[in-house]
Amino acid sequence: MTSALAVKQVTLFGIRHHGPGSARSLEQALTALQPDCVLVEGPPEADDLLGFAADPAMQPPVALLLYDPKQPQRAVFFPFASFSPEWRAFQYAAQHQVPVRFFDLPHSHRLADAAHDHAPPAAQADQETEPAEAEPDDDFYSDPLDWLGRSAGYADGESWWEHMVEQRRDTSDIFQAIAEAMTVLREQPPTQRNAAYERREALREAYMRKQIRAACKHYQRIAVVCGAWHVPALAARVAAKDDNARLKGLAKINLKATWVPWSYQRLSSASGYGAGVSAPGWYHHLWSASPTADNHAARHITIGWLTRIAHLLRAQDLDCSSAHVIEAVRLAEALAAMRARPLPGLEELDEAVRAVICMGDDRITAIIRKQLLVDDRLGAVPRDVPTVPLQQDFEQQQKSLRLKAEVGQKMLMLDLRKPSHLERSKLLHRMSLLDIRWGHPANHHGGKGTFHEQWRLEWLPDYSIDLIGAAAWGNTIAEAASQRTIDRAAQHQTLSELAGLIDAVLAADLTAAVSPVVARLQALAADESDIGAMMTALPALGRVLRYGDVRQTDTDQLKPIVDSLVTRLCIGLVNACRSLDDEAAAQMTERIDQVAQTTALLPNPEDRERWLVALFQLAQQSDVNGLVAGRACRLVFDSGRHADACRDLLLSALSRGSDPEQAGRWFEGFLRTSGTLLLHDDHLWDLIDTWLCGLSGAAFETVLPLVRRTMASFSAGERRQIAERVKRNPAGQSSQTAGDSTPIDHERAALAMPLLNRLLACGPNQRGAS
């Protein structure tokens, strides 16, 4: 048994995972060998799912997902692209009706072993499918191919493999050469050994040899497709009893498997996937653009790639002419010739594009990398692939609501008056309650009105794991979201958390969860004594009452709770605002503003009236931080109530006998974020002008930071108008008498009257009237 040395019935094909050149070479080798059995490196637990690989509805990239039903987050993905050699082996076996199965060490043993070590892995793509396995602690284990690449003058092993294997035209002896290279490499032990890694690999290779022996009992020509790193170990002559002894007594857990869509973004090495490739979009182009590797096909690949770049940039309104493409092709081919390479690779094409098309602009190269080199392609799996009921319900709703899962970000505008849009909104809110953040609200009851929502959608393959984990809460999205919400409500200990949760529950229209969450809310509200916590919770509850009818939800259960909170806030507001330092006062001011906005929208007008009375009482307190008192006074003034009294309070706060610093806080609280009032209220302008002009030098320096901070909160237009008005009206001059500051010379005016009368067509009898 050797690698492509075809001893007895077994031929070993050492491949690079997700390598289009390896995939093409493997297809040619399988066609020549015509095996009657194909063994592929992968998890045996998924053997029953391999038949789906031939289904036309299966569109790579896809991944096999293995997970522990008791702990779904203990899971592992095995991704495949259309250019993955393993995927080509599946397709060959299906087309030629040849048995195919996985023969790696079952993950039921490997995950059990990880659990035994008290380090259960989180859901991740399998990183043990690289010819040289990923281990971050040692350069050799990280990628032994780097040794070969550097010795041959390449930056790393991937570049070397790309040139020597993926771009190779003559593939007749490629697997023989790979086996010899791996054999020599494995004979050079690393200076630092990783015991856990070596034990794991020894177990895997022992199991693989055991499965090959088993296949030899039933088949004549066996093709073994595995990572190139394993070829020497699988070709080695090891006694069966030694392998059996090594495998004896392995722990095991029960695993389930399914197919899930994958993305090129997650297939890239930038995602952290150990066996990933740097540019899956480029590899997809290599595979789909050229089924052969002759000179004509090579140039077709180059021109096709640069043409795609041109189309992309033109769609972005960026300049890219035919001349750009022609010159880029010439430069890429020249670079390949200078480097003694058979055809331009990604490195040459990148350099040509950067120099000729992008003119060195990194922003343009970033667009190309994201949309072409990595690509946002998302795969698809057949509907009859075994899944949990919750995922089936989700996929059914996706289909009926026409909400397609896409990798790239997509903005979705919803009009909640339309039934289909309302149902989409409910689904997205329910998914969020299950901690599956497929959609992120881009606004909250904003945009074009209260009937509109804007969402930013982005699907991640990991959400398949989250759906499986959420299946413990129910068999439908609505049921699972309800049960998860009820459990979360029982764990929440603060009123603000529950207020936000009830908002989400009603937005998701989870009728079954409303009563339990409201009951929990009532219990916490009755026990809550912190005014600040109640003020934080009220805006969320107010939004529910205000916008609940938009979603056709019943909010009657919340009205008594909100009325009770407003009453308790009004009673405790003054005491809660005493003895606050500047930082606490700023926080309290923000809360007061939020509550004021909320009470203005509540359906019960008495709530707003009680709140304004409480604010007026607060504004009259001398022992309250001026920022808070000034803000309370301004809110009452804006309501149109007690306008004269509010001016008197401000006048008193800014009088000469007041502490300058406290007066500055009053000034900031009263005028913050709005200079329009100052521009249009002459009495207020004169009051502020008189106060500032009457300050001593030391007092002015004290209040100057507060005044500047207040002015900075005004809009640019307001600040400009204030500056112009100050220029017209000198400091200390009343705005109401500014126009009368120059005395009238009646004698000189009388000289102009005859001419003025003629110009205005006024007779002597009209002058008196005019």
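Mentor: Let us begin with a definition: a residue is buried when its relative accessible area is under 20%, exposed when over 50%, and partly exposed in between, using a 1.4 Å probe and protein chains only. Helices (H or I, at least four residues) and strands (E, at least two) are DSSP runs, numbered from the N terminus. This is a predicted model, in which local features need pLDDT of at least 70 and side-chain atom pairs count only at pLDDT 80 or more, while totals for chains, interfaces and linings use all residues. Residues are numbered from 1 along each chain as its sequence is written, and side-chain values use heavy atoms, with hydrogens and water left out.

Trainee: What makes H19 mostly covered?

Mentor: Of the 8 residues of H19, 6 are buried, namely Tyr463, Ser464, Ile465, Leu467, Ile468 and Ala470. Their cover includes strands E3, E4 and E8 together with helices H17, H18 and H20, where contact means heavy atoms within 4.5 Å.

Trainee: Why are H17 and H19 called oblique to each other?

Mentor: In general, two packed helices are described by the angle between their axes and the distance between the axes. The axes are lines fitted to C-alpha atoms, for helices over the stretch in contact, and the angles run from 0 to 180 degrees between N-to-C directions. Angles under 35 degrees count as roughly parallel, over 145 as roughly antiparallel, 65 to 115 as roughly perpendicular and the rest as oblique. The axes of H17 (residues 389-401) and H19 come within 8 Å and cross at roughly 120°, and H17 and H19 are therefore oblique.

Trainee: Which residues make that contact, and how do they divide by class?

Mentor: Leu390, Gln391 and Phe394 of H17 meet Leu467, Ile468 and Ala470 of H19. These residues comprise 5 nonpolar, 1 polar and no charged, where Ala, Val, Leu, Ile, Met, Phe, Trp, Tyr, Cys and Pro count as nonpolar, Asp, Glu, Lys and Arg as charged, and the others, Gly among them, as polar.

Trainee: What is the orientation of H1 and H12 to each other?

Mentor: Helix H1 (residues 20-33) and helix H12 (residues 280-289) pack at about 30°, with their axes 9 Å apart, and they are therefore roughly parallel. The contact is made by Pro20, Ala23, Arg24 and Glu27 of H1 with Tyr283, Leu286 and Trp287 of H12. By class, this contact has 5 nonpolar, no polar and 2 charged residues.

Trainee: Is alanine 481 buried or exposed, and how do you know?

Mentor: Alanine 481 counts as buried because its relative accessibility is 0%. This residue is found in helix H20 (residues 477-491), and, leaving aside neighbours within four places in sequence, alanine 481 is in contact with Arg430, Leu434 and Leu510.

Trainee: On what value does the label for glycine 474 rest?

Mentor: Glycine 474 has a relative accessible area of 7%, and is therefore buried. Its place is in the loop between H19 and H20, and, not counting residues up to four places away in sequence, glycine 474 touches Leu390, Glu479 and Ala480.

Trainee: Why is serine 82 called buried?

Mentor: The label applies because the relative accessible area of serine 82 is 13%. Serine 82 lies in the loop between strand E4 (71-80) and helix H2 (85-95), and the residues that serine 82 touches, beyond four places in sequence, include Pro60, Tyr264 and Trp287.

Trainee: Where is serine 579, and what makes it exposed?

Mentor: Serine 579 is in the loop between helix H24 (559-576) and helix H25 (582-599). Serine 579 counts as exposed because its relative accessibility is 74%, and its phi is also positive, about 60°.

Trainee: Which residues does a cis peptide bond join?

Mentor: The cis bond joins proline 60 and proline 61, with omega about 10°, and proline 61 has its place in the loop between strand E2 (37-40) and E3.
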